[in-house]
Amino acid sequence: MALQWLILSYVVAAEVAIAVILTLPYPMLVKKRVVSLVSLILQPAASIVAFAGFQLLDLYWKYEHRLMCSSEVCTATERDRYEKSIYKAQRNVVLCAAGILLYWCIFRICKYNKDLEHLEELEKRCKAE
């Protein structure tokens, strides 16, 4: 069960690295190449949105069907186990949300840079006329 969260955490770490690389100031030629490379990666990486969404649904289902330990019949170890599972679920929700949000940010940064490049080409054509 922990493998899926390990994979998701590595993907989120990679998304953070890509977002940092995209936002660093580079010369225009390097920036264009980095944006085109990341744009090629974005389409297959869109599966992370579906994967994180599925994990969010799984967390919600587990939360709704979790045994509550709030009465006095619960022992201290059962209460600790319950609280630990709640903290893990909250951490995993944050991880899923970060994965989806970072993918969206990377997508928008690439789209912004492509639009900027297109407008620069348009401006060059207008000046040439």
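Helices (H or I, at least four residues) and strands (E, at least two) are DSSP runs, numbered from the N terminus. The model is predicted, with local features requiring pLDDT of at least 70 and side-chain atom pairs pLDDT 80 or more, while totals for chains, interfaces and linings use all residues. Residues are numbered from 1 along each chain as its sequence is written, and side-chain values use heavy atoms, leaving out hydrogens and water.

**View 1. Lining of the largest pocket.** Helix 4 gives the largest share of this lining, 5 residues. A pocket is an open set of points on a 1 Å grid over the protein atoms alone, where a 1.4 Å probe fits, with protein on both sides within 12 Å along at least five of seven lines; lining residues have an atom within 4 Å of a point. The volume, the space filled by probe spheres set on the points, is about 360 Å³. Of the 12 lining residues, Trp5, Leu59, Lys62, Lys88 and Asn92 are the closest to the pocket centre. Helix 1 (2-23), helix 3 (47-64) and helix 4 (76-128) each give two or more residues to the lining.

View 2. Gln55 lies in helix 3 and, at 3% relative accessibility, counts as buried (under 20% relative accessible area, with a 1.4 Å probe and protein chains only). Apart from residues up to four places away in sequence, Gln55 touches Gln4, Trp5 and Cys96 (heavy atoms within 4.5 Å).

**View 3. Residues 92-110.** Over this stretch the chain is 100% helix and 0% strand, and the end C-alpha atoms are 27 Å apart.

Methods: Buried < 20%, exposed > 50% of the residue type's maximum accessible area, 1.4 Å probe, protein only.
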